[in-house]
Amino acid sequence: MSENIPQNPNQRDPVTSPSPPPPAPVPLTPGPRASRLQQVFEQALARTLRANSYANFAGCFPTPARHVPSSLESVWRQLNAKLEESAKAEFDDIIRERDAVRQLNELDRLVGEARFRMDNGQGAGNVAPHTLGADELYKAHLTPYLREAQSVLETKLEATHAENAELAGKIQAQRSEIQALLSSLETVVTDLEGATAATEQFAKENDLRQEFIQMDQEIKARRDT
């Protein structure tokens, strides 16, 4: 005889629940992009070490290279080994601090899902809202307002640029007018200076004439007496 166990009405059936299953944990094993990043780093490091060849190194120290080449070569090998070790350690620290492997693996997963949706004719509109995270929902609601505000600001900015261009044209015209007035003023000043010089010359000549007339009158007066 089977016993009927009452089910909790608030408990959802996992088979018929509309909520999607939780995403699979991101593996920490380097995926395609993480592996490619490691490969690019190793290639760059190898080129750097090849550039620091013994010939180039010995060229910087010609005297030790000529007298103690074995010792100099030993120093060169130790230097390259230390450089390689330090570069790899720093690269590993950056990968660990930035959580690069997990991030790149997550990118691989997202790209794979996007390609799958594209290949199956699924657009962005087919994504259920309840599958999005809080940050994505926030951005989805905020984006239309931000775009409208951006459009208003761009319109105001264009109007401001047009006003600035008009003001710049007026200022340039006023500068040209001022320059023309200054040129005219310089001409007037030159004419006034010429007139002043002529007046002074005339005054000097008139004074000499008056003195000559006075002297002539005095001479005549003496003759008459």
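The model is predicted, so residues are numbered from 1 along each chain as its sequence is written, local features need pLDDT of at least 70, side-chain atom pairs count only at pLDDT 80 or more, and totals for chains, interfaces and linings use all residues. Side-chain values use heavy atoms, with hydrogens and water left out.

**Exercise 1. Get an overview of the protein chain.**

Task: Work out which elements the protein chain has and what share of its residues count as buried.

Solution. Start with the elements: there are 6 helices and 0 strands. Helices (H or I, at least four residues) and strands (E, at least two) are DSSP runs, numbered from the N terminus. Read from that end, the order is α-α-α-α-α-α. Next comes burial: 8% of the 225 residues count as buried. Here buried means under 20% relative accessible area, exposed over 50%, and partly exposed in between (1.4 Å probe, protein chains only). Last, look at contacts (heavy atoms within 4.5 Å). Among those between residues at least 6 apart in sequence, 69% join residues at least 24 apart.

**Exercise 2. Look at helix 1 from both sides.**

Task: Find which residues of helix 1 are buried and which exposed residues sit on the face turned away from them.

Solution. First, the span: helix 1 has 20 residues and reaches 29 Å from its first C-alpha to its last, close to the 28 Å expected at 1.5 Å a residue. That expected span is 1.5 Å times one less than the number of residues. Now the buried set of helix 1, which is A34, F41, L45 and L49. They cover an arc of only 70 degrees around the axis, so they lie on the same side of helix 1. The arc is taken from the directions from the helix axis to the C-beta atoms.

**Exercise 3. Pack helix 1 against helix 5.**

Task: Describe how helix 1 and helix 5 pack, and say which residues make the contact.

Solution. Two packed helices are described by the angle between their axes and the distance between the axes. For helix 1 (residues 32–51) and helix 5 (residues 100–119), the angle is about 130 degrees and the axes are 7 Å apart. Axes are lines fitted to C-alpha atoms, for helices over the stretch in contact, and angles run from 0 to 180 degrees between N-to-C directions. Helix 1 and helix 5 are therefore oblique to each other; angles under 35 degrees count as roughly parallel, over 145 as roughly antiparallel, 65 to 115 as roughly perpendicular and the rest as oblique. Helix 1 brings P32, R33, A34 and L37 to the contact, while helix 5 brings V101, L104, N105, L107, D108 and V111. By type, the contact residues of this pair split into 7 nonpolar, 1 polar and 2 charged. Ala, Val, Leu, Ile, Met, Phe, Trp, Tyr, Cys and Pro count as nonpolar, Asp, Glu, Lys and Arg as charged, and the others, Gly among them, as polar.

**Exercise 4. Follow the chain from helix 4 into helix 5.**

Task: Find which residues of helix 4 are buried, and where D99 is found.

Solution. The buried residues of helix 4 are L72, W76, N80, F91 and I95. Helix 1, helix 2, helix 3 and helix 5 are included in their cover. Moving on, D99 is found in the loop between helix 4 and helix 5. Its phi is near 55 degrees, a positive value in a residue other than glycine. D99 is partly exposed, at a relative accessible area of 27%.
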